[in-house]
Each structure stands twice: as C-alpha cells, then as structure tokens.
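Please look at the sequence and the structure on the screen while I describe what they show.

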Amino acid sequence: MYSEIRVVTSSNEKEVLSLSIAKDQRPFIESISQCLQEAKEDTRFVPVGLYKNGVPVGFAMYGKFEDEV
C-alpha cells in the first residue's frame, strides 16, 4: 500500500471536495470547501489531500506562520 500527501491544487481540488465529513463530526470542524476558501484568502494555510494507492481518503490543512507550522 502506498500513502501520499498532495498539496491541493486546481488539478485535484474537485476530487478532494468529493470527500465528506462524518455526520457526527460536522459540528466540530469546518467543511473542506470552507477550508479551501480560507486557504485562498490566507496563503499561510496549506490544504493537502491524503491519498492511499492514488485514491483520496482524507483532507488536512496546516498553517505556516513565520517560524512555526
């Protein structure tokens, strides 16, 4: 099995947006589309797709603030 982390770009944004958050987790976290919009507005945020054998299985976003991640 091959795992990979890919930065979300225009070429993989649609497949990342096809992922969904578990219903019971929705009250605790922003949607993927909200996160991607935030990253477009503030380039310190880096959205990434999590892939297993070339298939998107998750989403994460981290922030790069000066010397901290």
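I begin with a definition: helices (H or I, at least four residues) and strands (E, at least two) are DSSP runs, numbered from the N terminus. A pocket is also needed. On a 1 Å grid over the protein atoms alone, a pocket is an open set of points where a 1.4 Å probe fits, with protein on both sides within 12 Å along at least five of seven lines, and its lining residues have an atom within 4 Å of a point.

This is a predicted model, in which local features need pLDDT of at least 70 and side-chain atom pairs count only at pLDDT 80 or more, while totals for chains, interfaces and linings use all residues. Residues are numbered from 1 along each chain as its sequence is written, and side-chain values use heavy atoms, with hydrogens and water left out.

Let us take the overall plan. Two helices and three strands are present in the protein, and from the N terminus on they run β-α-α-β-β. Along the principal axes, the C-alpha atoms fill a box of roughly 35 × 30 × 20 Å. Of the 69 residues, 23% are buried; here buried means under 20% relative accessible area, exposed over 50% and partly exposed in between, with a 1.4 Å probe and protein chains only.

Now to the largest pocket. Which element gives the most to its lining? That is E3, with five residues. In total 14 residues line this pocket, and Ile 21, Ile 29, Glu 30, Ile 32 and Phe 59 lie nearest its centre.

Together with Val 8, Val 16, Leu 36 and Tyr 51, Ile 32 makes up the largest nonpolar core, a core being a set of buried Ala, Val, Leu, Ile, Met, Phe, Trp, Tyr and Cys residues joined through side-chain atoms within 4.5 Å.

Pro 56 is placed in strand E3 and, at 18% relative accessibility, counts as buried.

Next, the aromatic rings. The structure holds one aromatic pair. Phe 45 and Phe 65 form this edge-to-face pair, at 5.5 Å centre to centre and 85 degrees between the planes. Phe 45 lies in strand E2 and Phe 65 in the segment after strand E3, so the pair ties together parts that are 20 residues apart in sequence. Rings of Phe, Tyr and Trp (its six-membered ring) pair if their centres lie within 6.5 Å; planes under 30 degrees apart are stacked, over 60 edge-to-face and the rest tilted. Phe 65 is partly exposed, at 31% relative accessibility.

I close with the backbone. Most residues other than glycine have a negative phi. Asn 53, in the loop between E2 and E3, has a positive phi of about 55 degrees. Glu 66, in the segment after E3, has a positive phi near 50 degrees. Is Glu 66 buried or exposed? With a relative accessible area of 84%, Glu 66 is exposed.
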